[in-house]
Amino acid sequence: MRFGKRAGIIAAACLAAASLAFHACAEGAAEDAFVSERISRNYTAVSASYTYPVYRGADIPLSPAEAARELRGAEETGETAGYSGGDTVLRVHYGDVIRLRAEIPEDGLYALKVDYYSYDDAAEADRQSLLPDKLALSVDGEYPFYECRNLKFESSWLRQAEAAYDRYGDEMAALPVKMARWETKTVTDSTGRRTDPLLLELAAGEHELALEVKEGSFLLGNLTFCAPEEIPEDGTAEAAEGSALITLQGEEFLWANSSSIHGVMEYDAAVEPYDVQHTRLNTIDSDSFRNAGDSVTWETDVPADGRYYIALNYRQSDKTDFPVFADILVDGRIPSAAFRNCPLAYGTSWQRRTLADADGNCLSVYLSAGRHELTIRLTIDPLRQAMETLDRIMYGVNDLALEITRVAGTNADKYRDLKLSRYIPGLTDTLRGYAAELRETEQNYIRYSASDRNVAVMASMLIAARQLESLAENPDEIPYRIGELSSSSNSANQYLANTVDNLLRCNLAVDRIWLYQEDAELPASAGFLEGAGKSAERFASSFSSQRYSTANTDPSHLQVWVNRSNQYVQIMQKLIDERFTPETGIRVDISLMPDQYKLVLARSSGNAPDVATGINYTIPYELAIRGALKDLTEFDSFREVASVYEPGFFLTGTIGDGIYSMPETLNFWVLFYRTDVMEKLNLPVPETMDDVIALLPELQMRGLNFYYATAGMLSMRNFHGTTPLLVQNGGSLYYETADLGTALGSRESVTGFTALTDLFTIYNMPVSVDNFYQHFRNGDMPIGIADFYTYNLIRNAAPELDSSWAIALIPGTRQADGSVDRTTCGCAESTVIFTSTPEREQQAWQFIEWWSSTEIQALFGRTVQSIYGDEYIWPTANLEAFDLLPWDTEDKLVIRAFAENVVDVARVPGTYMLEREMSNAFNDITVNGANEQTRLDRAVKTINREIRRKLEEFGYIASDGRVIREYRIPTVESVKKLLGR
């Protein structure tokens, strides 16, 4: 019966594939470049066809009082927050749509300015405040160009003037303050590729504007159609007569347009201030000041009217032999064209440079006596042509690879004589054309490079060009080398993607800025001997420094070991010193954990801490089964503290009637999908795995595929990948008690495990994928299931995909009652208490109660993300705190729903063997063609042998198999009872 069913499935799949393939050639032209709307409809492409002149008339303001709002849309408010543009503003929130009608006086190209006031009301103070407000703009029912789908409106973040210090006297980055003020921003490219306004071509007459709020809560003032600002061309190379000298410390800026831009300590005699013993912030951290569009503003008092030169002490060491570009603004305006796209040269050490024009003449700016603001804004505007060329060629190469796959199939037969060039006319010319265009692009940028032969930052692009030329030499062999084109980690597309990543990096560290005149002398640089002396002092002091070390603690204090980096630990210790200790009187020493996997040894040697946090969710069980951990249910307030966590998160730390770990973070698994691809192909987002299977022929006939999480687990297919479908199909890993062994061999479990392996053996999903992120970015895997790490990567490392991807709940399994079971794993890190004296245990519990609270988890997450940027989003398992964190609203709703479906795998002595054998069985079935039932039966024997051995070791059964103590498997229902639910 089993083989008969499979044969039927295979036959049906083959017939479907054959039918779809029959139509593939006819549909080929229509499907060409299915991800190219960002190419064909971007501003460069659209504006190339503009015919109207640039508007030069008076401003045309649109008052929000005239807006027609949808029923759930914005609300008019009399609270204008001091708005000077009118008597009425709109209070808008995520999801609102505001419609306005504009009467345009003449045909022309118009800039659009938006007045907005980003605020935090009582209900949302901790939820959206760190994120830029986002709008989507349509005109007359359509997006004028692709960039209008995602327009960002940043807030201004004021650096706190008072320095912050940790308990060791080291200065640390302070939490910035959001400036409560009205802002005006002209609609520009949110990716930073273009700093000029995005102009709208409008004919004379009435037009309807629609603004959809994609993120944020803010007050909306006037929208104003206006002429784009004109920047003067001359008058910048005049001599700056006088002797005035003004010094601005880089780290002492006034405000920035990102909360994460902050100061950092550089141990280098070329910067100041410099302290050998203690950390003193002395530069802007280049890891925080790095993205196109980032801006930092300093304020200064100018002593006298006159012209001033601008010099910087900076380091730009990320773009090898290539500059970072910056716009220089004075009082919010670029003084002249020479101050646009100023190149800041590459160098591994600190360098001083006075801004100069292309001929080497020092640039000067006129400043009147009094207060002025100076702004540095990073830009990649000069690289726009290269970036757009790379985008176009990457999508072209990807489309070409898909076309080749349609013709040759996914498993090319080397004995098949396939004349590919007959089926794809112009293949050779296309590849050579791409290569030639890449070489020409590289040559266009040699003028910026320190070398007159090549551009080092574009070296990967030249490798891609050589690879394309190599493929063009033997086009009929490309089906056997398709990985070199687009799909492997060494493909041409991967090298092009690497080039894009290199060009996007604009990391800039700024130590000092000088405004000076002709007769002034800049401070002398540190000499070799001074630098060497300070380096020697610093080296000597490093031997006595034991900050956050387990060797530098007070035994009378509560000892907390943290398995995280120094950034987290420093903020955590400061919160403890400022909040926990004053509230409780308990002094706490935070230490960086040497090795989380040696906690058992630390316990055996008597060196264990009172509390360990940030440890992998599997470790608490190994400690608890050995009697090293305190049962948290014994504390009176445990149920109240645990009430904001889902029961499924407690399964891994439960033994019998005790719970031995508190969840700290979650690792969510969601469905990622490219909205542009799915919309272009008119494909629905799947709700169930049956929907996924129905989707596969549509994807695979175009050379695309679905990514299932197990494919990315190359060394070990862990429970996150192997158990969801098993459980959703009614299977289980255990019987009621551990002595009965694993239930992996039961009929329901085999059915569920087979549902997993069939995805790869029958439905041809890829078994192993080394980098889903890159495939998703390329578009050849436009949909798949992945985790928090992938989410963070796409969100922060693929800015070109903004507004082109989304997440949804993972596809589940339809049940008999019509519901969809989406049960999955989701634990990440946990917190535990080591057994000690009752007094120490009580203090440790007070700490966990405080640390796990909604207030502190939300505050910690906001603080880390605010100071260090969006890469440091905090995935707390406390769902009330998660609701308060500054994540994108749409994504937050999906992740919140995911957490409610988490039922992690309970642990028993020997669970590691269960996980290992399930991984081995998966590989044998999907790679070697083993039969599911036979392979699982063999796995069950190995697993049961190990479980019985470990049960005997821990005193649950005797050597003859007799049960001494019953080991009952915890379930969600049993955990709920322990939690009082």
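**Entry 1: the model**

I am working from a predicted model. I kept that in mind for each entry below.

**Entry 2: salt bridges**

I looked up the salt bridges and found 49 in the structure. I then picked out a few pairs.

I began with Asp577 and Arg167, whose side chains meet in a salt bridge at 2.9 Å, N to O. The two residues are 410 apart in the chain, so I checked where each sits. Asp577 belongs to helix 11, residues 566–584. Arg167 is in the loop between strand 10 (164–165) and strand 11 (171–172). I noted Asp577 as partly exposed, at 27% relative accessible area. Arg167 is also partly exposed, at 31%.

Next I took Asp301 and Arg371. Their closest N and O atoms are 3.2 Å apart, and the pair forms a salt bridge. Asp301 is in strand 21 (residues 295–302) and Arg371 is in strand 27 (residues 370–379), so the bridge ties together parts 70 residues apart in sequence. I have Asp301 down as partly exposed, with a relative accessible area of 45%.

Lys976 and Glu973 form a salt bridge, with 4.0 Å between the closest N and O atoms. Both lie in helix 28 (residues 972–978), three residues apart, which is about one turn of the helix. Lys976 is partly exposed at 29% relative accessibility.

I also found a network of salt bridges. It links Glu917, Asp924, Arg935 and Arg938.

**Entry 3: nonpolar cores**

Which residues have the most contacts inside the largest nonpolar core? I found Phe672, Phe706, Tyr708, Phe847 and Tyr967, in a core of 157 residues. Helix 11 gives the largest share of this core, seven residues.

Leaving out residues up to four places away in sequence, I listed what Phe706 touches: Leu671, Val692, Leu696, Leu699, Met765, Pro766, Ile783, Gly784 and Ile785.

There is a second, separate core of 80 residues. Among its members are Ala244, Leu248, Leu355 and Leu504.

**Entry 4: helix 26**

I looked at helix 26, which runs over residues 911–928 and has 18 residues. From first C-alpha to last, helix 26 reaches 25 Å, close to the expected 26 Å.

I checked which of its residues are buried. The buried ones include Met913, Leu914, Met918, Phe922 and Ile925. Glu917 and Asp924 are buried too, and both belong to the salt-bridge network I noted above.

What covers the buried residues of helix 26? The cover includes helix 17 (719–722), helix 18 (724–728), helix 19 (747–761) and helix 27 (932–953). After helix 26 comes Gly929, with a positive phi near 80 degrees.

**Entry 5: Lys319**

I found Lys319 in the loop between strand 22 (306–315) and strand 23 (324–330). Lys319 is buried yet has no salt bridge. The nearest side chain of opposite charge is Asp318, 9.9 Å away. A salt bridge needs the atoms within 4 Å. Beyond four places in sequence, the contacts of Lys319 include Tyr346, Ile380, Leu383, Val457 and Cys506.

**Entry 6: Gly192**

Is Gly192 buried or exposed? I found 8% relative accessibility; under 20% counts as buried, so Gly192 is buried. Gly192 sits in the loop between strand 13 (183–186) and strand 14 (200–202).

I compared Gly192 with Asp294: they are 102 residues apart in sequence and 8.6 Å apart in space, C-alpha to C-alpha. Not counting residues up to four places away, Gly192 touches Ala292, Thr379, Ile380 and Asp381. Ile380 is also among the contacts of Lys319.

Methods
Residues numbered from 1 in each chain as written. Heavy atoms only, no water. Helix = DSSP H or I, 4+ residues; strand = E, 2+ residues; numbered from the N terminus. Buried < 20%, exposed > 50% of the residue type's maximum accessible area, 1.4 Å probe, protein only. Core = buried A, V, L, I, M, F, W, Y, C linked by side-chain atoms within 4.5 Å. Contact = heavy atoms within 4.5 Å. Expected span 1.5 Å × (residues − 1). Lys, Arg positive; Asp, Glu negative; His and termini not counted.
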